Amino acid sequence: MLSRRHGFRLASVVLLALCALPVMPVSSETLRGDGDGEAGQIVLSPEERALALEYSPLPELPSSPTNAVADNAAAARLGQALFFDTRLSEPGTVSCASCHVPELSWSDGKSLAQGVSETTRHAMTLWNVGYNRWFFWDGRKDSLWAQALTPFEDPREHGFSRLEVLHVLHGDPELVSAYESLFGPLPALADRSRFPAEGRPVPEEPGHRHALAWDSMTAEDQQAADAAYVNLGKCIEAFERQIVSRHAPFDTFVEGLRSGDPEQLAALSPSAQRGFGLFVGKGKCFLCHDGPNFTDREFHSNRVPVTNLLDGGRAVGIQELKTDPFNGASVHADDGGKVARTKLSIAPKSLHYPGEFKTPTLRNVAATAPYMHEGQMATLEEVIAFYSTLETALPPDPTGERFLQPRQFSEQEVADLLAFLESLTDEALPPELLQAPGSLGGAASER
Ligand code: HEC
Ligand code: HEC
């Protein structure tokens with residue numbers, strides 16, 4: 001797979017060289033010195049220029065075939081209400097936004113996320129999450145809607161159960177109206193003999209009070225509860241799909257490469273341009289952080305030191321995904337499971353070793369410290385120093401991939417890489433997406 005991509009790259013580089021695309025001359029009046037070469041000046045080689053065009057713009061959001069309301073505005077509004085709703089947690093204080101804080105670039109600034117109690121992983125940013133193929137650091141979910149059902153029931157996160165979530169919804173006329181205009185009537189939640197106050201399947205602890213309550217329900221009512229719960233996840237996905245970052249200075253610069261507009265070209269300092277050159281050249285970062293979202297959407301070991309040695313990463317995630325009752329091949333997929341079955345059938349073909357985690361996007365990375373799946377690294381400088389020497393790296397898996405090598409960056413190269421990573425920042429979103437929606441009234445009638 002990798003060599004095929006290289007083939008494409010090589011082909012496009014050769015093509016470019018043959019066409020010898022003229023680069024617009026930049027008039028000297030527009031140049032601003034930044035103490036490190038001239039701003040507005042292109043310092044990339046023709047090969048690097050050709051590569052830059054492959055990293056921007058970010059394409060349109062891929063469709064989400066398993067979710068019929070993925071792009072429905074009313075569903076997104078309901079999803080947004082749920083995302084910010086602290087009532088959907090055991091202590092009444094935790095919402096999705098507690099760990100995915102809009103002002104902290106949809107992460108939380110902590111190493112390990114903290115809900116009802118401390119978790120064992122770092123809260124992932126939600127920037128461009130709609131572009132991902134697998135979800136969580138270990139990819140144990142194959143859709144955003146299925147992902148959204150997990151935190152509510154994680155005892156360390158919301159500490160809630162699906163029946164409690166449904167009862168909170170049921171107790172709020174505005175939410176009920178928004179829900180029912182999208183999906184039709186809710187199950188008969190008022191009947192507590194059929195739908196107990198709390199309950200969820202807890203296979204790992206059959207004696208848990210949530211499990212006992214769940215097991216007291218008929219299979220039909222369990223299915224009805226699951227279907228309604230899934231619909232809430234689908235609304236949350238519709239909201240999350242709007243968290244898109246695509247207009248960073250790097251993108252402006254690449255637009256400039258296409259248009260020749262010197263003002264656009266000035267968006268990237270020569271240092272940041274050299275950083276991009278390192279990213280796709282000597283640094284070999286692109287081997288994993290590939291494409292306009294700066295991730296290949298797959299799993300690798302970058303050998304960062306870990307505290308939790310028991311965390312199997314992707315090797316465990318793929319097994320969990322295959323048996324997940326909410327995976328895309330399940331009855332809950334709106335496309336009859338077509339896409340997910342294909343995805344699931346492809347996934348296990350590649351071998352996955354313990355210690356592989358999902359390659360994160362690098363868009364807005366300067367705003368999402370700390371870094372890595374345990375938040376092990378506090379700064380981007382620390383990350384670059386790590387990749388430079390691999391001094392603190394875990395030993396390589398003898399049977400694993402060999403993408404990672406110490407690159408021995410000079411001081412100047414470290415500064416250049418940093419300037420490039422910082423040029424991927426665009427946190428602009430409509431302010432109304434950064435908080436609970438004012439009212440759902442419009443949402444229900446819009447459809
Ligand atoms: C206690 C903090 C916490 C809360 C509350 C929380 N999350 Fe997360 N979120 C995390 C952590 C930690 C991860 C990574 C967990 C893992 O890999 O196992 C994560 C991962 C995710 C991802 C995966 C992103 C990706 O690229 O794979 C999404 C999406 C997400 N959360 C959305 C939500 C939604 C929606 C809610 C509310 C229903 C929520 N989170 C509640 C901490 C939290
Ligand atoms: C072998 C694949 C691979 C290569 C090569 C690679 N990375 Fe990564 N990178 C990853 C993975 C996987 C993670 C997440 C690892 C984890 O959390 O355990 C990551 C994490 C990061 C992070 C932290 C992002 C976050 O949100 O936590 C940054 C920054 C980063 N890489 C930059 C780079 C740079 C710069 C280079 C080139 C010098 C590079 N990477 C090379 C796979 C790679």
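This is a predicted model: local features need pLDDT of at least 70, side-chain atom pairs count only at pLDDT 80 or more; totals for chains, interfaces and linings use all residues.
Biologist: What share of the residues of the chain counts as buried?

Modeller: Of the 447 residues, 53% count as buried.

Biologist: And how many helices and strands are there?

Modeller: The chain holds 17 helices and four strands. Among contacts between residues at least 6 apart in sequence, 72% join residues at least 24 apart.

Biologist: Where does His 100 lie?

Modeller: His 100 is in the loop between helix 4 (96-99) and helix 5 (144-153).

Biologist: Which residues are the closest to ligand 1?

Modeller: The closest are Cys 96, Cys 99, His 100, Phe 136 and Lys 358, out of 29 residues that surround ligand 1. By class, that shell divides into 16 nonpolar, eight polar and five charged residues.

Biologist: Which side chains place an N or O atom by an oxygen atom of ligand 1?

Modeller: Arg 121 has a side-chain N or O atom 2.8 Å from an oxygen atom of ligand 1. A polar side-chain atom of Asn 132 also lies 2.8 Å from an oxygen atom of ligand 1. As for elements, helix 4, helix 5 and helix 9 give two or more residues to this shell.

Biologist: Which of them gives the most?

Modeller: Helix 5 does, with five residues.

Biologist: On to ligand 2. How many residues surround it, and which are the closest?

Modeller: Ligand 2 is surrounded by 24 residues, of which Cys 285, Cys 288, His 289, His 373 and Tyr 387 are the closest. The shell is made up of 16 nonpolar, five polar and three charged residues.

Biologist: Which polar side-chain atoms come up to ligand 2?

Modeller: His 373 has a polar side-chain atom 2.6 Å from an oxygen atom of ligand 2. For His 289, the distance from a polar side-chain atom to a nitrogen atom of the ligand is 2.9 Å. Asn 302 has a side-chain N or O atom 3.4 Å from a nitrogen atom of ligand 2.

Biologist: What about the elements around ligand 2?

Modeller: Strand 4 (357-358) and helix 15 (380-389) each supply at least two residues of the shell. The largest share, three residues, comes from helix 15.

Biologist: A change of topic: is helix 6 mostly covered or mostly open?

Modeller: Helix 6 is mostly covered, with eight of its nine residues buried. Among those buried are Arg 162, Glu 164 and His 167, along with Val 165.

Biologist: What do the buried residues pack against?

Modeller: They pack against helix 3 (73-83), helix 5, helix 7 (173-183), helix 8 (209-215) and helix 9 (219-240).

Biologist: Why does Val 165 count as buried?

Modeller: Val 165 counts as buried because its relative accessibility is 1%, and the cut-off for buried is under 20%. Val 165 belongs to helix 6 (residues 162-170).

Biologist: Which residues does Val 165 touch beyond its neighbours in sequence?

Modeller: Not counting residues up to four places away in sequence, Val 165 touches Leu 88, Phe 152, Phe 160, Tyr 229 and Leu 232.

Biologist: How far is Val 165 from Glu 90?

Modeller: Their C-alpha atoms are separated by 9.9 Å, although Val 165 and Glu 90 are 75 residues apart along the chain.

Notes:
Residues are numbered from 1 along each chain as its sequence is written. Chains are lettered from A and ligands numbered from 1 in the order in which they are written. Side-chain values use heavy atoms; hydrogens and water are left out. Buried means under 20% relative accessible area, exposed over 50%, partly exposed in between (1.4 Å probe, protein chains only). Contact means heavy atoms within 4.5 Å. A residue is near a molecule or strand if one of its heavy atoms lies within 4 Å of it. A polar contact is a pair of N or O atoms within 3.5 Å; within protein, one must be able to donate a hydrogen and the other to accept it, and residues adjacent in sequence count only if both atoms are side-chain atoms. Ala, Val, Leu, Ile, Met, Phe, Trp, Tyr, Cys and Pro count as nonpolar, Asp, Glu, Lys and Arg as charged, and the others, Gly among them, as polar.
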